[in-house]
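The following paragraphs are intended for a reader who meets this structure for the first time.

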Protein chains: 2
Amino acid sequence: MVKITDVARHAGVSPSTVSYALSGKRPISEETRQRVEESIRELGYRPHAGARALASSRSNVLALVVPLRTGIHVPVVMQFAVSVVTAARRHDHDVLLLTQEEGEEGLRRVADTALVDALIVMDVQLHDGRLPLLRALDRPSVLIGFPAEPAGLTCIDLDFKAAGELCVEHLAGLGHRVIGLVGSPPEVYVRETGFAQRVVQGFTAAAHRNGIASSVHPCEADPAAARQVAERLLRERPALTGVVVHNEPVLEPLIDAFEALGLRVPGDLSVTAICPDELAARVRVPVTSIAIPAAEVGAGSVELLMKKLGGTPVPQATLLPPRLTVRASTRPRP
Amino acid sequence: MVKITDVARHAGVSPSTVSYALSGKRPISEETRQRVEESIRELGYRPHAGARALASSRSNVLALVVPLRTGIHVPVVMQFAVSVVTAARRHDHDVLLLTQEEGEEGLRRVADTALVDALIVMDVQLHDGRLPLLRALDRPSVLIGFPAEPAGLTCIDLDFKAAGELCVEHLAGLGHRVIGLVGSPPEVYVRETGFAQRVVQGFTAAAHRNGIASSVHPCEADPAAARQVAERLLRERPALTGVVVHNEPVLEPLIDAFEALGLRVPGDLSVTAICPDELAARVRVPVTSIAIPAAEVGAGSVELLMKKLGGTPVPQATLLPPRLTVRASTRPRP
DNA sequence: GAGCGCCGTCGAAGCGCTTCGACGGGGGAA
DNA sequence: TTCCCCCGTCGAAGCGCTTCGACGGCGCTC
């Protein structure tokens, strides 16, 4: 193994000079730097990560905690993960993958052993058990998702409330006056997952603001449930002309169910969804939708962490604005 | 930060004794060990990962390289990743996540800086550019998937050839005499991805062995392509009564297409697939299928690495036997 | 009863890097 | 011309852990 002393000897300087040439933490003359770089290249030198971590008390590794739970759309998690890794690499950091299964103990372990410098935690619940720990940890962290009490934490996510509103505004702008929200499975609300409730809030507020009749229906993630919800919605609101869907797996079955009940999409019924673009686009009737900006959230969380590691203060909440993509499933009220 | 010397002082022993009590590399009296453990608990001691890595030249971290490419079923990748992490933790190791985008340079970096002790590489191509590097690296690696020339490497995967055969045997056992294979998109074969070709080999060999008329059809991953393939298959083989599908996204569209052409599944046509169980089970007609045993492959790759790290020789090839789950889509030939 | 060997523990020497204080020399200010 | 300061570099001291050789003391053998 070639080490820093080898490089130093080869370049005719001291090890500390090599270190400074590499880190830029002290001025080094252009000429010396070039010579050092040349030696590094010739010898194929790579600084030993452990030694570096020990001496500098920086591992240049971030922890990423991913959820395993059902009801979470896996491809979106993967997108997050990939964008986190990519963004981390831009800052010369690597990413350690943790599963939620490891729980608090896992977080504490990687933090306390100095394996990682900072943590990114996905899928934060409203009353997440990990919050006190994250607040107490001596390492910075960023949460993807918003807990009920975000004080002392740094959070980032799509602005789900605004997303709920935007769906309604879109439908309202098309003249729809009676709409429904088909939401996530009941257990998601019971678990008090922030984003599901926020969609409801935005939906309800915007409907009220626009003088629109509306109702909200949680829905299990299977076709039969979708059919039931569709029937119930039509029974309770025969004048229904707009639906917002926040439940990936039932998007297509729900449209099928409405059509089976005699409603054409978008002829009789306009549908918007909050779901990945890839899903919205491949449904039989491509659906007007708001996507989870997974890549942006991932990259954003890394940027926040880097700032925190650098000592720059960051906002407690970062809400990414929803963007609605209009597709074939919405149209003005007949 | 509490360090090993603090523990040593608290327990009234030397630091080396604490180290040995922790690692078990030298005999320590039961009494001393208990005292040390008690001190560790009381002080909340956690060994510093960097210091440990430096002194022992073991980081206890594995690298996992995940693919990003299109045509790869994302949830399966995620399953791999999760099972790798879980298995690694059982051996007191962590997992560093790398994207394929980082390429050879990324592999070399994490290996040469001693950030990781060993590597797991997913989605290996038949003529993968990373093979020479992996062979040359001074750290052990395991490939998920089989390259054309696996000499000097350790590989693990589902036995796709046997999977192709098993599908055919199943259909043959039900009396089917004319069958087709609907395969992956053409580019997958062009790219020379091993597993797709192996399914074809197994399929063809078993069909021949059983005196069955067969043909193979690559298929793009969209419903329109599925329809075309269905039509073509029926035109070329009007007596067709069995189909093997190795292409996740078109499984359902293909069944729809056949039914639209007047063939009932499984009444007129038996269908088997090689795809995740989760997909096979949720199709309108649940499909008899062979799943990618993602969890087994992930856990298996970790076990192989641990053996290699421990100096135990391991087989060059580990082929996991396919398991066929019979569902509603296959039935004896009328 | 003397000697041998083994068990359990200690001390010290690194592992490879960063960082801090120090220092020589050259340029600018007075 | 002298003094000061700053730029660029060096040397040495750790960072916290593992590991190797050494060494007492006990039990056993002969």
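In this predicted model, chain A contains an open sheet of 6 strands, arranged in the order E7-E6-E8-E9-E10-E12 and with mixed pairing. The edges are taken by strand E7 (213–217) and strand E12 (324–325) of chain A; each has a single partner strand, so one side of each is left without a neighbour in the sheet.

Strand E6 of chain A, residues 178–182, may be considered next. On one flank, E6(A) pairs with E7(A) in the parallel sense over 5 bridges, and A:Leu181 stands opposite A:Val216 in E7(A). E6(A) also pairs with strand E8 of chain A (residues 242–245), again in the parallel sense, over 4 bridges. Here the bridge partner of A:Gly180 is A:Val243 in E8(A).

How many of the 5 residues of E6(A) are buried? The strand is mostly covered, with 5 of its 5 residues buried. Both of its faces are covered: A:Val178, A:Gly180 and A:Val182 are buried on one side, and A:Ile179 and A:Leu181 are buried on the other.

Further along the sheet order, strand E9 (residues 270–274) and strand E10 (residues 288–290) of chain A pair in the parallel sense over 3 bridges. Within this pairing, A:Ile274 has A:Ile290 in E10(A) as its bridge partner.

Attention now turns to a residue of chain B. B:His217 is found in strand E7 of chain B, which covers residues 213–217. Is B:His217 buried or exposed? Its relative accessible area is 4%, under the 20% limit, and B:His217 is therefore buried. The side chain of B:His217 is joined to that of B:Ser215 by a polar contact of 3.2 Å. When residues up to four places away in sequence are not counted, B:His217 touches B:Leu181, B:Val182, B:Gly183, B:Val229, B:Arg232, B:Leu233 and B:Glu236.

The last topic is the interface of the two chains. There, 37 residues of chain A are in contact with 37 residues of chain B. Together the chains bury about 3200 Å² between them, and 67% of this area lies on carbon and sulfur atoms. Of the area that chain A buries against chain B, 21% is supplied by A:Arg46, A:Met78 and A:Leu97, more than by any other three residues.

One of the salt bridges is formed by B:Arg109 with A:Asp94, whose closest N and O atoms are 2.7 Å apart.

Several elements of chain A each supply at least two residues of the side that touches chain B: helix H4 (49–56), strand E1 (61–66), helix H5 (74–90), strand E2 (94–99) and helix H6 (103–112). H5(A) gives the most to this side, with 9 residues. By class, the side of chain A that touches chain B has 23 nonpolar, 5 polar and 9 charged residues.

Strand pairing also joins the two chains: E2(A) and strand E2 of chain B (residues 94–99) pair in the antiparallel sense over 3 bridges. In this pairing, B:Leu97 in E2(B) is the bridge partner of A:Val95.

Methods
Residues numbered from 1 in each chain as written. Chains lettered and ligands numbered in written order. Predicted model: local features only at pLDDT ≥ 70, side-chain atom pairs only at ≥ 80, totals over all residues. Heavy atoms only, no water. Contact = heavy atoms within 4.5 Å. Buried area = accessible area lost by both parts, 1.4 Å probe. Salt bridge = Lys/Arg side-chain N within 4 Å of Asp/Glu carboxyl O. Nonpolar A, V, L, I, M, F, W, Y, C, P; charged D, E, K, R; others polar. Pairing = 2+ DSSP bridges. Buried < 20%, exposed > 50% of the residue type's maximum accessible area, 1.4 Å probe, protein only. Polar contact = N/O pair within 3.5 Å; in protein donor to acceptor, adjacent residues only side chain to side chain.
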